[in-house]
Amino acid sequence: MANEFLTVSDGTYSLSETENKNQFYFYRNDGEVLTDIGRAPMDLYHAYIMSKMMNGEITDMVISNIRFETSDDRKTIRLTVDNNNEKHEQKNSTVKEKKPSFIKRLIYKIFG
């Protein structure tokens with residue numbers, strides 16, 4: 001059975017799912033080069049998220065880091081989404097734990 005990928009479109013541009021659940025392709029429907037797109041990729045990504053929420057596929061809050069890569073022919077943009085909020089929170093807590101240790105070492109080096 002072939003995979004069906006959801007595509008969201010505003011008539012001019014489209015955003016399509018890929019086999020990788022964290023990657024999407026943004027492109028013009030007429031196949032032309034992408035110029036002056038403004039916020040269109042993010043607007044369509046938000047429409048995609050809302051569609052998933054309305055279908056009950058997403059029930060939690062969505063906070064993502066998104067990376068954009070343009071193809072060599074400038075006709076497609078690949079959006080890569082990092083939804084790993086736990087990893088980000090863990091990194092922040094590690095940084096907070098190191099600050100007192102760093103300050104103590106600095107004071108010890110200066111006055112110790």
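Thr18 is buried, because its relative accessible area is 12%. Buried means under 20% relative accessible area, exposed means over 50%, and partly exposed lies in between, with a 1.4 Å probe and protein chains only. This is a predicted model, in which local features need pLDDT of at least 70 and side-chain atom pairs count only at pLDDT 80 or more, while totals for chains, interfaces and linings use all residues. Residues are numbered from 1 along each chain as its sequence is written, and side-chain values use heavy atoms, with hydrogens and water left out.

**Around Thr18**

Thr18 sits in the loop between β2 (13-17) and β3 (23-28). Helices (H or I, at least four residues) and strands (E, at least two) are DSSP runs, numbered from the N terminus. Leaving out residues up to four places away in sequence, Thr18 touches Phe5, Gln23, Phe24 and Tyr25. Contact here means heavy atoms within 4.5 Å.

Glu17 belongs to strand β2. Glu17 counts as buried because its relative accessible area is 16%. Its side chain reaches the backbone nitrogen of Leu6 at 2.7 Å. The side chain of Glu17 also makes a polar contact with the side chain of Lys52, at 3.2 Å. Beyond residues up to four places away in sequence, Glu17 touches Glu4, Phe5, Leu6, Gln23, Phe24, Tyr48 and Lys52. Glu4 is 13 residues from Glu17 in sequence, and their C-alpha atoms are 8.9 Å apart in space.

**Salt bridges**

Side chains of opposite charge can pair when their charged atoms come close. A salt bridge is counted when a side-chain nitrogen of Lys or Arg is within 4 Å of a carboxyl oxygen of Asp or Glu. By this rule there are five salt bridges. The table gives some of them.

| Lys52 | Glu17 | 3.2 Å |

Lys52 and Glu17 are both buried. Asp30 is partly exposed, because its relative accessibility is 46%. Glu69 counts as partly exposed at 31% relative accessibility. Arg78 is partly exposed too, with a relative accessible area of 29%. Salt bridges that share partners join Glu17, Lys52 and Glu57 into one network.

**A nonpolar surface patch**

Met50, Met53 and Val62 form a nonpolar patch on the surface. Together they have about 220 Å² of accessible area. Patches are made of residues with over 30% relative accessible area and no salt bridge; like charges are joined within 9 Å, and nonpolar side chains (Val, Leu, Ile, Met, Phe, Trp, Tyr) within 5 Å. Val62 lies in the loop between α1 (40-54) and β4 (65-70). Val62 counts as partly exposed, because its relative accessibility is 31%.

**The whole chain**

The protein has two helices and five strands. From the N terminus, the elements run β-β-β-α-β-β-α. Of its 112 residues, 21% count as buried. The accessible surface comes to about 8,800 Å², and 51% of it belongs to carbon and sulfur atoms. These areas come from the Shrake-Rupley method with a 1.4 Å probe; for residues, only the protein chains shown count as cover. Among contacts between residues at least 6 apart in sequence, 41% join residues at least 24 apart.

**Confidence**

The mean pLDDT of the protein is 80, and 72% of its residues reach 70 or more. pLDDT is the predictor's confidence in each residue, from 0 to 100. Where is confidence lowest, and where is it highest? It is lowest in helix α2 (residues 85-111), at a mean of 54, and highest in β3, at 95. Over residues 86-100 the pLDDT is below 50. Beyond near neighbours in sequence, this stretch has zero contacts in the model.

Technical notes: A polar contact is a pair of N or O atoms within 3.5 Å; within protein, one must be able to donate a hydrogen and the other to accept it, and residues adjacent in sequence count only if both atoms are side-chain atoms.
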